Amino acid sequence: MGRINRFEEKLQSVVEGAFARTFRNAVQPVEIAAQLNLEADKAAQVLSRNRRIVPNAYYVDLSPSDFESLSDLGPQLTAELAELLTEHITEQRYVMSGSVSIELIEDPKLSIGRLRIRSHTEAGVTPTAGDPTATAVRRATAILSVNGDDLPLSAPGIVIGRGSDVDLRIDDPGVSRRHIQIKVADTAEGPLVSVSDLGSTNGLMVDGKRVEQARLRDGATIRIGNTTMSVRVKDL
(Lines give C-alpha, C1' and ligand atoms only; values in the text may rest on other atoms or scores of the structure.)
Protein backbone atom coordinates (compact mmCIF):
# COMPACT_ATOMS: atom_id res chain seq x y z
CA MET A 1 0.00 0.00 0.00
CA GLY A 2 2.93 2.34 0.61
CA ARG A 3 3.80 2.56 -3.07
CA ILE A 4 0.15 3.15 -4.02
CA ASN A 5 -0.19 5.90 -1.43
CA ARG A 6 2.95 7.62 -2.68
CA PHE A 7 1.67 7.25 -6.22
CA GLU A 8 -1.65 8.94 -5.35
CA GLU A 9 0.06 11.68 -3.37
CA LYS A 10 2.38 12.49 -6.26
CA LEU A 11 -0.41 12.64 -8.79
CA GLN A 12 -2.50 14.79 -6.47
CA SER A 13 0.39 17.24 -6.18
CA VAL A 14 0.64 17.27 -9.96
CA VAL A 15 -3.03 18.13 -10.27
CA GLU A 16 -2.91 20.85 -7.63
CA GLY A 17 0.47 22.28 -8.55
CA ALA A 18 0.63 22.01 -12.30
CA PHE A 19 -3.00 22.66 -13.11
CA ALA A 20 -4.28 24.59 -10.07
CA ARG A 21 -7.92 23.79 -10.64
CA THR A 22 -10.72 21.72 -9.13
CA PHE A 23 -11.85 18.85 -11.28
CA ARG A 24 -15.57 18.59 -11.63
CA ASN A 25 -15.62 15.90 -14.28
CA ALA A 26 -16.37 12.42 -13.03
CA VAL A 27 -13.12 10.84 -14.20
CA GLN A 28 -10.15 11.93 -12.08
CA PRO A 29 -6.47 11.79 -13.15
CA VAL A 30 -5.70 9.49 -10.19
CA GLU A 31 -8.27 7.01 -11.51
CA ILE A 32 -6.75 7.10 -15.00
CA ALA A 33 -3.26 6.53 -13.59
CA ALA A 34 -4.41 3.56 -11.52
CA GLN A 35 -6.15 2.01 -14.55
CA LEU A 36 -3.03 2.51 -16.68
CA ASN A 37 -0.97 0.59 -14.11
CA LEU A 38 -3.57 -2.17 -14.08
CA GLU A 39 -3.58 -2.37 -17.89
CA ALA A 40 0.21 -2.74 -17.94
CA ASP A 41 0.04 -5.54 -15.36
CA LYS A 42 -2.71 -7.38 -17.25
CA ALA A 43 -0.97 -7.03 -20.62
CA ALA A 44 2.47 -8.20 -19.38
CA GLN A 45 3.76 -11.14 -21.42
CA VAL A 46 6.65 -13.47 -20.69
CA LEU A 47 9.58 -12.62 -22.93
CA SER A 48 12.15 -14.91 -21.33
CA ARG A 49 12.73 -16.55 -17.97
CA ASN A 50 13.22 -13.33 -16.02
CA ARG A 51 11.75 -10.75 -18.39
CA ARG A 52 8.18 -9.66 -19.07
CA ILE A 53 7.28 -7.16 -21.77
CA VAL A 54 4.42 -4.67 -21.54
CA PRO A 55 2.86 -2.35 -24.15
CA ASN A 56 4.27 1.14 -24.53
CA ALA A 57 1.33 2.81 -26.35
CA TYR A 58 -1.83 3.46 -24.27
CA TYR A 59 -5.19 4.94 -25.24
CA VAL A 60 -7.66 6.29 -22.68
CA ASP A 61 -11.24 6.26 -24.00
CA LEU A 62 -13.46 8.87 -22.29
CA SER A 63 -16.98 10.22 -22.53
CA PRO A 64 -17.32 13.51 -24.45
CA SER A 65 -17.75 15.45 -21.19
CA ASP A 66 -14.72 13.91 -19.49
CA PHE A 67 -12.65 14.21 -22.65
CA GLU A 68 -13.40 17.93 -22.93
CA SER A 69 -12.56 18.61 -19.27
CA LEU A 70 -9.32 16.67 -19.25
CA SER A 71 -8.21 17.89 -22.69
CA ASP A 72 -8.33 21.45 -21.36
CA LEU A 73 -5.27 20.56 -19.27
CA GLY A 74 -3.17 20.20 -22.38
CA PRO A 75 -0.28 17.81 -23.02
CA GLN A 76 1.10 18.16 -19.50
CA LEU A 77 -1.53 15.77 -18.14
CA THR A 78 -0.57 12.93 -20.48
CA ALA A 79 3.10 13.68 -19.90
CA GLU A 80 2.68 13.34 -16.12
CA LEU A 81 0.59 10.19 -16.52
CA ALA A 82 3.28 8.72 -18.79
CA GLU A 83 5.95 9.50 -16.19
CA LEU A 84 3.97 7.79 -13.44
CA LEU A 85 3.27 4.75 -15.59
CA THR A 86 6.95 4.53 -16.52
CA GLU A 87 7.83 4.53 -12.81
CA HIS A 88 5.42 1.64 -12.23
CA ILE A 89 6.84 -0.31 -15.17
CA THR A 90 10.36 0.24 -13.85
CA GLU A 91 9.38 -0.86 -10.33
CA GLN A 92 7.85 -4.06 -11.69
CA ARG A 93 11.00 -4.68 -13.79
CA TYR A 94 9.02 -4.92 -16.99
CA VAL A 95 10.61 -4.11 -20.35
CA MET A 96 9.11 -2.12 -23.24
CA SER A 97 9.63 -1.45 -26.91
CA GLY A 98 10.34 2.28 -26.81
CA SER A 99 9.04 4.91 -24.42
CA VAL A 100 5.52 5.21 -23.00
CA SER A 101 2.95 7.25 -24.94
CA ILE A 102 -0.57 8.06 -23.71
CA GLU A 103 -3.41 9.53 -25.76
CA LEU A 104 -6.88 10.61 -24.65
CA ILE A 105 -9.66 9.50 -27.02
CA GLU A 106 -13.26 10.75 -27.13
CA ASP A 107 -15.83 7.94 -27.25
CA PRO A 108 -19.50 9.01 -27.58
CA LYS A 109 -20.58 5.54 -26.46
CA LEU A 110 -19.16 6.05 -22.97
CA SER A 111 -21.14 7.81 -20.25
CA ILE A 112 -19.62 10.38 -17.91
CA GLY A 113 -17.45 8.77 -15.27
CA ARG A 114 -16.63 5.74 -17.40
CA LEU A 115 -13.28 5.08 -19.05
CA ARG A 116 -11.61 2.31 -20.99
CA ILE A 117 -7.89 1.67 -21.41
CA ARG A 118 -6.47 0.09 -24.56
CA SER A 119 -2.83 -0.66 -25.26
CA HIS A 120 -0.45 -2.12 -27.77
CA THR A 121 3.26 -2.40 -28.41
CA GLU A 122 4.75 0.07 -30.87
CA ALA A 123 8.46 -0.41 -31.36
CA GLY A 124 10.71 2.33 -32.61
CA VAL A 125 11.67 1.71 -36.25
CA THR A 126 14.78 3.24 -37.83
CA PRO A 127 15.95 2.67 -41.42
CA THR A 128 19.74 2.90 -41.17
CA ALA A 129 19.93 4.52 -44.61
CA GLY A 130 17.58 7.30 -43.53
CA ASP A 131 13.87 7.85 -44.04
CA PRO A 132 12.68 7.12 -47.59
CA THR A 133 11.12 9.88 -49.65
CA ALA A 134 7.44 9.86 -50.55
CA THR A 135 8.43 9.53 -54.22
CA ALA A 136 10.53 6.42 -53.50
CA VAL A 137 7.64 4.81 -51.65
CA ARG A 138 5.15 5.69 -54.40
CA ARG A 139 7.35 4.24 -57.16
CA ALA A 140 8.26 1.06 -55.28
CA THR A 141 6.78 -2.23 -56.52
CA ALA A 142 7.13 -3.80 -53.06
CA ILE A 143 6.56 -2.02 -49.74
CA LEU A 144 7.04 -3.02 -46.10
CA SER A 145 4.68 -1.30 -43.65
CA VAL A 146 5.53 -1.21 -39.93
CA ASN A 147 3.96 0.97 -37.24
CA GLY A 148 2.33 3.21 -39.85
CA ASP A 149 5.54 3.84 -41.81
CA ASP A 150 6.18 2.55 -45.34
CA LEU A 151 9.60 1.37 -46.52
CA PRO A 152 10.22 0.62 -50.20
CA LEU A 153 11.73 -2.81 -50.87
CA SER A 154 14.14 -3.35 -53.74
CA ALA A 155 16.66 -6.00 -54.77
CA PRO A 156 18.55 -7.60 -53.15
CA GLY A 157 16.51 -6.90 -49.98
CA ILE A 158 17.09 -5.94 -46.35
CA VAL A 159 18.11 -7.39 -42.98
CA ILE A 160 15.89 -6.52 -40.01
CA GLY A 161 16.83 -6.72 -36.34
CA ARG A 162 17.64 -4.89 -33.13
CA GLY A 163 21.36 -4.48 -33.75
CA SER A 164 23.26 -1.62 -35.31
CA ASP A 165 24.46 -3.56 -38.38
CA VAL A 166 21.05 -4.05 -40.03
CA ASP A 167 19.12 -2.19 -42.71
CA LEU A 168 16.00 -1.71 -40.57
CA ARG A 169 16.45 -1.41 -36.82
CA ILE A 170 13.47 -2.27 -34.57
CA ASP A 171 13.69 -1.31 -30.91
CA ASP A 172 11.82 -4.38 -29.63
CA PRO A 173 13.24 -6.56 -26.79
CA GLY A 174 11.75 -9.63 -28.49
CA VAL A 175 13.69 -9.01 -31.71
CA SER A 176 17.20 -10.46 -32.13
CA ARG A 177 20.12 -8.35 -33.29
CA ARG A 178 19.86 -9.90 -36.76
CA HIS A 179 16.40 -11.42 -36.83
CA ILE A 180 15.19 -11.85 -40.42
CA GLN A 181 16.18 -11.17 -43.99
CA ILE A 182 13.71 -10.07 -46.64
CA LYS A 183 14.95 -10.89 -50.14
CA VAL A 184 13.68 -9.17 -53.28
CA ALA A 185 14.30 -10.43 -56.82
CA ASP A 186 13.08 -8.58 -59.90
CA THR A 187 11.34 -10.79 -62.47
CA ALA A 188 9.37 -10.16 -65.64
CA GLU A 189 6.15 -10.82 -63.71
CA GLY A 190 7.10 -8.43 -60.92
CA PRO A 191 9.10 -8.56 -57.68
CA LEU A 192 9.58 -11.92 -55.97
CA VAL A 193 9.66 -11.27 -52.22
CA SER A 194 10.62 -13.83 -49.56
CA VAL A 195 11.62 -13.83 -45.89
CA SER A 196 13.92 -16.11 -43.88
CA ASP A 197 14.79 -16.43 -40.20
CA LEU A 198 18.45 -15.68 -39.43
CA GLY A 199 18.59 -17.97 -36.38
CA SER A 200 16.63 -15.61 -34.11
CA THR A 201 15.75 -16.44 -30.51
CA ASN A 202 11.99 -15.93 -30.79
CA GLY A 203 11.41 -17.04 -34.37
CA LEU A 204 9.40 -15.78 -37.32
CA MET A 205 5.65 -15.79 -37.95
CA VAL A 206 4.14 -15.30 -41.42
CA ASP A 207 0.35 -14.97 -41.65
CA GLY A 208 0.03 -16.40 -38.15
CA LYS A 209 2.18 -19.50 -38.75
CA ARG A 210 5.69 -20.11 -37.45
CA VAL A 211 8.09 -20.64 -40.35
CA GLU A 212 11.79 -20.68 -41.13
CA GLN A 213 11.28 -19.10 -44.53
CA ALA A 214 8.38 -18.21 -46.80
CA ARG A 215 7.44 -16.41 -49.97
CA LEU A 216 5.62 -13.15 -49.26
CA ARG A 217 2.60 -12.37 -51.38
CA ASP A 218 0.62 -9.14 -51.42
CA GLY A 219 -0.97 -8.54 -48.00
CA ALA A 220 1.24 -11.00 -46.10
CA THR A 221 1.95 -10.23 -42.43
CA ILE A 222 5.25 -10.80 -40.66
CA ARG A 223 5.59 -10.95 -36.88
CA ILE A 224 8.92 -10.87 -35.05
CA GLY A 225 9.05 -10.33 -31.31
CA ASN A 226 6.11 -8.05 -30.54
CA THR A 227 6.18 -6.22 -33.86
CA THR A 228 3.89 -6.95 -36.80
CA MET A 229 4.66 -5.81 -40.35
CA SER A 230 2.80 -6.18 -43.62
CA VAL A 231 3.98 -6.45 -47.20
CA ARG A 232 2.40 -4.96 -50.30
CA VAL A 233 3.48 -6.29 -53.68
CA LYS A 234 2.26 -4.46 -56.78
CA ASP A 235 1.51 -6.20 -60.09
CA LEU A 236 3.38 -4.89 -63.12
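**Group meeting: a walk through a predicted chain**

For anyone new to sheets, strands pair through backbone hydrogen bonds, either parallel or antiparallel. Is E10 enclosed by the rest of the structure or left open? Four of its five residues are buried, so E10 is largely enclosed by the rest of the structure.

Ile-160 also brings us to the largest nonpolar core, which has 25 residues, and the members that touch the most others are Leu-144, Ile-160, Ile-180, Ile-182, Ile-222, Ile-224 and Met-229. Apart from that core lies another one, of 22 residues, including Val-27, Leu-73, Leu-85 and Ile-102. If we set aside its neighbours within four places in sequence, Leu-144 is in contact with a list of residues that includes Ile-158, Ile-160, Leu-168, Ile-182, Ile-222 and Met-229.

Ile-143 belongs to strand E8, residues 142–146, and with a relative accessible area of 2% it counts as buried, the cut-off being under 20%. Ile-143 and Leu-153 are 10 residues apart in sequence, and their C-alpha atoms are 5.3 Å apart in space. Among the residues that Ile-143 touches, not counting those up to four places away in sequence, are Val-137, Leu-151, Leu-153 and Val-231.

Now let us turn to the open sheets. One of them has three strands in the order E5-E3-E6, with mixed pairing. Strand E5, residues 101–106, and strand E6, residues 115–120, stand at the edges with a single partner strand each, so one side of each is left without a neighbour in the sheet. From one strand to the next, the twist averages 20°. Strand E3, residues 57–62, pairs with E5 in the parallel sense over six bridges, and Tyr-58 stands opposite Ile-102 in E5. Helix H2, residues 29–43, packs on this sheet, where it touches E3, E5 and E6, and its direction makes about 40° with that of E6. Helix H3, residues 64–71, lies across E3 and E5 and runs at about 135° to E5.

Another open sheet of three strands has the order E1-E2-E4, again with mixed pairing. Three bridges join E1 to strand E2, residues 51–53, and the two run antiparallel; in E2, Arg-52 is the bridge partner of Val-46.

Which residues of H4 are buried? They are Leu-77, Thr-78, Glu-80, Leu-81, Ala-82, Leu-84, Leu-85, His-88 and Ile-89. Just after H4, Arg-93 takes a positive phi of about 60°.

Finally, let us step back to the whole chain, which has five helices and 18 strands. Of its 236 residues, 42% count as buried. The chain exposes about 12,700 Å², of which carbon and sulfur atoms supply 46%.

Note on methods: Residues numbered from 1 in each chain as written. Predicted model: local features only at pLDDT ≥ 70, side-chain atom pairs only at ≥ 80, totals over all residues. Heavy atoms only, no water. Buried < 20%, exposed > 50% of the residue type's maximum accessible area, 1.4 Å probe, protein only. Areas by Shrake-Rupley, 256 points an atom, 1.4 Å probe, with all protein chains shown as cover. Pairing = 2+ DSSP bridges. Core = buried A, V, L, I, M, F, W, Y, C linked by side-chain atoms within 4.5 Å. Contact = heavy atoms within 4.5 Å. Axes fitted to C-alpha atoms, helices over the stretch in contact; angles between N-to-C directions.
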